[in-house]
Amino acid sequence: MVRKGILVLFVALLAASLASCTPPSENSGDSGGGGGAAPTGGSSGASSGGEPIKFGVYGDLTGDTATFGQSMKKGVDLAAEELNQKPPLGRTVEIRMEDDGGKSEQAVSVVTKLLTEGKVHAVIGEVASTNSLAAAPQCQKEKIPMVTPASTNPQVTEVGDYIFRICFIDPFQGSVMAKFAVNSLKKKTAGILYDQKSDYSKGLAQFFKATFTQLGGQVVAEATYSKGDTDFNAQLNAIKGHNPGVLFVPGYYTEVGTIARQARDQGIAAPLLGGDGWDSPKLFEGAGDKLEGCYFSNHYSSESKDERVVKFIDAFKKKYSGEVPDAMAALSYDTTMILADAIQRAGGTDAAKLREALAGTKEFKGVTGAITIDDKRNATKPAVVLRIEGQAFKYVETVVP
Amino acid sequence: MQGFFQNLVLGIQLGAVYAMIAVGYTMVYGVLRLINFAHGDVYMVGAYVGLTLSSRVGLAFTRTPGGFALLFVATLVICALLGLLIERLAYRPLRTAPRITALITAIGVSLLLEALALAIWGPAPRFFPTLFDLPTQNVAGLELNGKYLVILLVSLILMIILWAVVTQTRVGKAMRAVAYDRDAAALMGINVNRIIGFTFALGSMLAAAGLLVSALLNYKIDPYAGVFPGLKAFVAAVLGGIGNIPGAVVGGLVMGVAETFVASSAYSNWRDAIAFVLLIGILICRPAGLLGRATVEKV
């Protein structure tokens, strides 16, 4: 009898432990006051009915460029909270975020998880082009629309007709900085130091060089590094020998900080130029005051007086204890809003119809500007050039494609 | 030509750092015949400890040369204690176990330290604030940042002290005796446990170079910051002939210079591969390393 009792107890324990390991991170953009969307079953009581709209988000919440993923999450969560005050088609929006640690292999596996286990209606992500490129084929295969907020490498949307982006692409971004260097800074020579493991960095370097040379400038030195490197002295030393007027460093903020300091240590005084990968609240943690007077291109400026931007920044600051949103947060917010808009126009979450609606997005008024999706599923948008002053980003000019 | 000499100096400076870590590997190997894979992670812990200490005592204090020196000494002591602790808890209980057991334990300790650093300091990289900007020195036509000279000088002084301890003192003599024949040394009245503990402390102390490098050179620290320097220093130790202290120094310098020249050339993405190409090349020609002596393994 005793033995039987133990057996029953054991089975009960086993059942309990199995029950408790249902999917973990199904939490969502529910951080708002209204109780939000409880996972699965909870939605039926909340609004007029219908299955919730599920967005899967993947990005790097941990790792070298973790502010990208963290900003994405904040932007998407804020958008979901606003949407759920008046749910599109009467269906609440649920967000499921997965951390890929900034690694492309992991991006593939978490996206597969979102698609198969999460049964999401659309995928949002990633910031880094290399990771978007790795995961996009999964979405294309499953025919679930994927919208990247910030991957600028041209190849990303070339993966297939279900892959979209709401930002400009690198041929444009690279040319912006090249034109800026020649026309505004009046520099004739440039050095380039780029990350040869990053599709984003490689692409920008290539397009910068093309435009810079076309405008009569000369790229006098080129060197490469790999993500995760901490010692750039040898490359900088090689570049220094050619004494370039500007140094183009199209990398991510983690490495840029160290590069800036080591460049100054070496006595390189030329201004550093970069792309949207510089934009992070953590840029100055790495760079200190060594980036003063340097410039980079970005998707929006938080100094803009546009009514939409001001409203977004206020809401963001209110939700995240005074933090000023970076471009990744603004783009992720826009991505979520565009998806919701497309679902409304499609009249539901049917993947094929949603894809059609997304492709037909015209003049959507977003925080980062008016967004029109072209026939290559890219957005044509202006870029802004920002100057670093007193460890803050100052608006310099807007460049229209 | 000037670029060549500038690269050479950069390489020697990087090599001096590798040499410091490599000496730690080689000393422990010399007395215990154990490759202490956790050594690279002690380097990482040293950097984190330095950063934490400097933010505790305040930046203004760390910015003074005396303050920084004090911080460095404190980090040296903490790294030495950590080495002692690792030896006491992980390796001493396995002193009589087969060598492969100790080796696997070393890998375990390495992973443990990385996981601990992840838990304590988090996965996001941390950065050292700029402590001081030393003026660029013009030495014989070469423009050199003062920081490189500091690193070079400190590593040189530390290695000279170490060499003096090993060759000139009674403890050093005891260390060499234990390395030569542990049982015979014990019979002569040498406290083998204490000597081995001392070796670990001394070797780990040099891993505090991690602080120097991350505070003055690389600025960035993350929980895996010790993996690559550790691996390269290990290669340096093997290159020079493992167990041989001058060999580790030579190996470190060779590695540093080779890496810098590769990184500044058009093949900069080969910089990490060069370490292993060098290793294979030299071991084919000289299986015992540059300064190592071939010994016959007793069976």
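These legends describe close-up views of a predicted two-chain model, chains A and B.

Residues are numbered from 1 along each chain as its sequence is written, and chains are lettered from A, with ligands numbered from 1, in the order in which they are written. The model is predicted, so local features need pLDDT of at least 70 and side-chain atom pairs count only at pLDDT 80 or more, while totals for chains, interfaces and linings use all residues; side-chain values use heavy atoms, with hydrogens and water left out.

**View 1. The interface between chain B and chain A.**
Here 30 residues of chain B are in contact with 25 residues of chain A (contact: heavy atoms within 4.5 Å). The two chains bury about 2300 Å² between them. Of that area, 42% is on carbon and sulfur atoms. Buried area is the accessible area (1.4 Å probe) that two parts lose on being put together, summed over both. In chain B, Phe127(B), Lys220(B) and Arg271(B) lose the most area to chain A. Together they account for 23% of what that side buries.

One salt bridge joins Asp231(A) and Arg271(B). Their closest N and O atoms are 3.6 Å apart. On the chain B side, the elements that give two or more residues are helix H1 (2-32), strand E3 (142-145), helix H6 (146-168), helix H10 (209-218) and helix H12 (245-264). Helices (H or I, at least four residues) and strands (E, at least two) are DSSP runs, numbered from the N terminus. H1(B) gives the largest share, 5 residues.

**View 2. Helix H10 of chain B.**
H10(B) is mostly covered, with 10 of its 10 residues buried. Buried means under 20% relative accessible area, exposed over 50%, and partly exposed in between (1.4 Å probe, protein chains only). Among the buried residues are Leu211(B), Leu212(B), Val213(B), Ser214(B) and Asn218(B). Tyr219(B) follows the helix, and its phi is positive, near 65°.

**View 3. Gly11 of chain B.**
Gly11(B) is found in helix H1 of chain B. It counts as buried because its relative accessibility is 0%. Beyond its neighbours within four places in sequence, Gly11(B) is in contact with Gly256(B), Val257(B) and Thr260(B). The C-alpha atoms of Gly11(B) and Val254(B) are separated by 8.5 Å. Along the chain, these two residues are 243 residues apart.

**View 4. A nonpolar surface patch on chain B.**
Tyr224(B), Val227(B), Phe228(B), Leu231(B) and Phe276(B) make a nonpolar surface patch of about 410 Å². Patches are made of residues with over 30% relative accessible area and no salt bridge: like charges are joined within 9 Å, nonpolar side chains (Val, Leu, Ile, Met, Phe, Trp, Tyr) within 5 Å. Accessible areas come from the Shrake-Rupley method with a 1.4 Å probe; for residues, only the protein chains shown count as cover. Helix H11 (residues 227-240) of chain B gives the largest share, 3 residues. Tyr224(B) lies in the loop between strand E4 (220-221) and H11. Tyr224(B) counts as partly exposed because its relative accessible area is 43%.

**View 5. Ser226 of chain A.**
Ser226(A) lies in the loop between strand E7 (218-225) and helix H8 (233-240) of chain A. At 9% relative accessibility, Ser226(A) counts as buried. Its side chain joins that of Gln196(A) in a polar contact of 2.9 Å. Beyond neighbours within four places in sequence, Ser226(A) is in contact with Asp195(A), Gln196(A) and Lys197(A).

**View 6. Backbone features in loops of chain A.**
The peptide bond from Gly125(A) to Glu126(A) is cis, with omega near -10°. Glu126(A) lies in the loop between strand E3 (122-124) and helix H5 (129-142) of chain A. Asn243(A) has a positive phi, near 50°. Asn243(A) is found in the loop between H8 and strand E8 (246-248) of chain A, and counts as exposed at 61% relative accessibility. Phi of Glu363(A) is positive and near 50°. Glu363(A) sits in the loop between helix H13 (351-359) and strand E11 (364-366) of chain A. With a relative accessible area of 48%, Glu363(A) is partly exposed.

How values were computed:
A salt bridge is a side-chain nitrogen of Lys or Arg within 4 Å of a carboxyl oxygen of Asp or Glu. A polar contact is a pair of N or O atoms within 3.5 Å; within protein, one must be able to donate a hydrogen and the other to accept it, and residues adjacent in sequence count only if both atoms are side-chain atoms.
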